[in-house]
Amino acid sequence: MSYLAQQQQGQDKEELKPKLDADPAGVCLSGGDWLPNGNASGWGEFISLTPERSEKYYQYNLQLSDTVGAFRKVPKTRHASCDTHNYSLPPFLEARVSVVISFHNEARSMLLRTIVSLLSRTPADYLHEIVLVDDASQDKTLLEELRAWLGTLGRPRFIFLTNKQRQGLISSRNMGAALASGDYILFLDSHCEVNDGWLEPLLERVSHRPNLAVSPVLDPIDPVTLRYQKGNEMLRGGFDWSLHFHWHKRELTNQELPETPYSSPVFAGGVLLMSREWFLKLGSFNANLKIWGGESIELAIKLWLCGGQIEIVPCSRIGHIFRRHHAFDFPLQYPEHPMEQELSPAQATYLHNSKIIAESWLDEYKSMFYALKPAARRIPLNHTSHQLQQLRRESRCHRFHWYLRHVSPELSSMLYEFAATGTLRNEDRCLHHAGVKNSRQQLILVSCYHDDITQWSLFRSTGQLSTQREFCLSVEVPLEVTLKPCLRTNDTASMSQRWHRMGTSLVHNQTHLCLDNPLKGRLELTACRWHAVSQSFQFALEMER
Ligand code: UD2
Ligand code: MN
């Protein structure tokens, strides 16, 4: 029974009475409105104090968020069998959960809905505490007001923490975790709604295997309509060699049901639950990572390499608003550095964090990362990694090739599938896919130092040369070099998309002509000429055969 339900039902119970008399907070109305102090105007007043009222600022429909109420019903998205399964749960006293939420400029109604969904849908005895870290939000009175309301509930315990200066979500989550005292810790974004029965399936898994960390399936909540949708349980989390997160489709093995928990190379984004002790033993989130990005990939790698596992549990569902753009600014990372001209602060931050992951864990494979992200070489790292070296030694962590072999077949198959990968350079310019113009894909040659410069991969088996967005370099009649969606190789038209290497030339299989850049900027197909500079195209990384 959730805390709120218990409080309502327990109104006659002696032990709850004094608290309820003193503070009638926590009324869950059947219409779906959870009203602090049981007072409709309280909610309105509370949320109207959200300082910035534009939708663009939050990147979701603020007006709607303010009107749908702090509590609402959400559709059941998990498989029916999850409701009838008898979860084997640990005793309450051994499985107290601390929820850590860090937020920066979250709308009041949204943050409150996140908290109220937790209070309403989490078995009271398991929900030990909620740690709220205000990461220097513009709304200066929010936390105090929340404290006034929530702090009086008695249970669960609330811990409130305010950063005077912006620390970013990674440090903030670490600070929250350091103050937490539950057996398990859950990290949550501040615009989530947990669905019915979200916790039991997670606890069942981790209580039997202390080194296991778990994620729910994330159900997307539309940022415009706030419609709660069903997330896909057929995906595993992963990343590519540029250390960007990707979803990979999974296949069900014989007899495996879609709702059965399944192992995953990384978490479903940043929402994860694991033993607090194990989290601290792993050194928490890497404290050298800045502001936003990469921390859950870093944790996933060190967890697997140092003796843990990760599972995604489809019977556990948590709704999350996936925003299309960042809703916040990134602080300048390198004010005096020329790089600041080439990279936005968001790009510089992400690249910095990715470089830390590569340097910490990728061993000899970090050359793959640098080949795909050459700009990362110039990112300065001003820290020591003693702590990490100690962890690797003391916990006898595996080297990265173990992860390739045992955890992420996708990542290792990228190594074997490609004949070459990375930026594709001709003289001092690189081949770049610059989007669509006049309904044609634009293929241009630009400076190789753009952060988002196109990464190409030449597939060994098919000869296709494709961008990360799955466009393939193609030849159209009469001999025009273009970009087209990659075709399946059983489609005969895919013959126009096949290439092979001869030295540093790229030879088109069908015509036996070579890719050429004779006019410095326009690609053509011409007769191959040995050692012609305009026909020489170098990938950042050429694999050994
Ligand atoms: C995704 C993850 C998030 C984290 C992040 C990368 C999901 C559902 N979310 O976030 O958990 O792994 O990627 O780091 O997979 N915030 C701060 N301080 C800041 C910036 C953000 O506290 O300086 C808060 C923010 O209010 C939010 C959370 O951090 O609650 C995550 O940020 P986001 O929601 O803007 O980004 P998202 O969903 O891509
Ligand atoms: Mn988010």
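Biologist: At 17% relative accessibility, does Ala136 count as buried or exposed?

Modeller: In this predicted model, Ala136 has a relative accessibility of 17%. The cut-off for burial is under 20%. Ala136 therefore counts as buried.

Biologist: Which residues is Ala136 in contact with, leaving aside its neighbours within four places in sequence?

Modeller: Ala136 is placed in the loop between β4 (127-135) and α8 (142-150). Once neighbours within four places in sequence are set aside, its contacts are His104, Asn163, Lys164, Gln165 and Arg166.

Biologist: How many Å apart in space are Ala136 and Arg522, C-alpha to C-alpha?

Modeller: In sequence, 386 residues separate Ala136 and Arg522. From C-alpha to C-alpha, their separation in space is 50 Å.

Biologist: What is the phi of Leu243, and where does this residue lie?

Modeller: Most residues other than glycine have a negative phi. Leu243, which is not a glycine, has a positive value. Leu243 is buried at 1% relative accessibility. It lies in the loop between β9 (235-239) and β10 (245-249), and its phi is near 65°.

Biologist: What is the relative accessible area of Asp363?

Modeller: Asp363 belongs to the loop between α14 (345-361) and α15 (366-372). Although not a glycine, Asp363 has a positive phi of about 50°. Asp363 is buried, and its relative accessible area is 16%.

Biologist: Is the peptide bond from Val477 to Pro478 cis or trans?

Modeller: Pro478 is found in the loop between β19 (471-476) and β20 (480-485). Most peptide bonds are trans. For the bond from Val477 to Pro478, omega is near -5°, and the bond is cis.

Terms used
Residues are numbered from 1 along each chain as its sequence is written. Chains are lettered from A and ligands numbered from 1 in the order in which they are written. This is a predicted model: local features need pLDDT of at least 70, side-chain atom pairs count only at pLDDT 80 or more; totals for chains, interfaces and linings use all residues. Side-chain values use heavy atoms; hydrogens and water are left out. Helices (H or I, at least four residues) and strands (E, at least two) are DSSP runs, numbered from the N terminus. Buried means under 20% relative accessible area, exposed over 50%, partly exposed in between (1.4 Å probe, protein chains only). Contact means heavy atoms within 4.5 Å.
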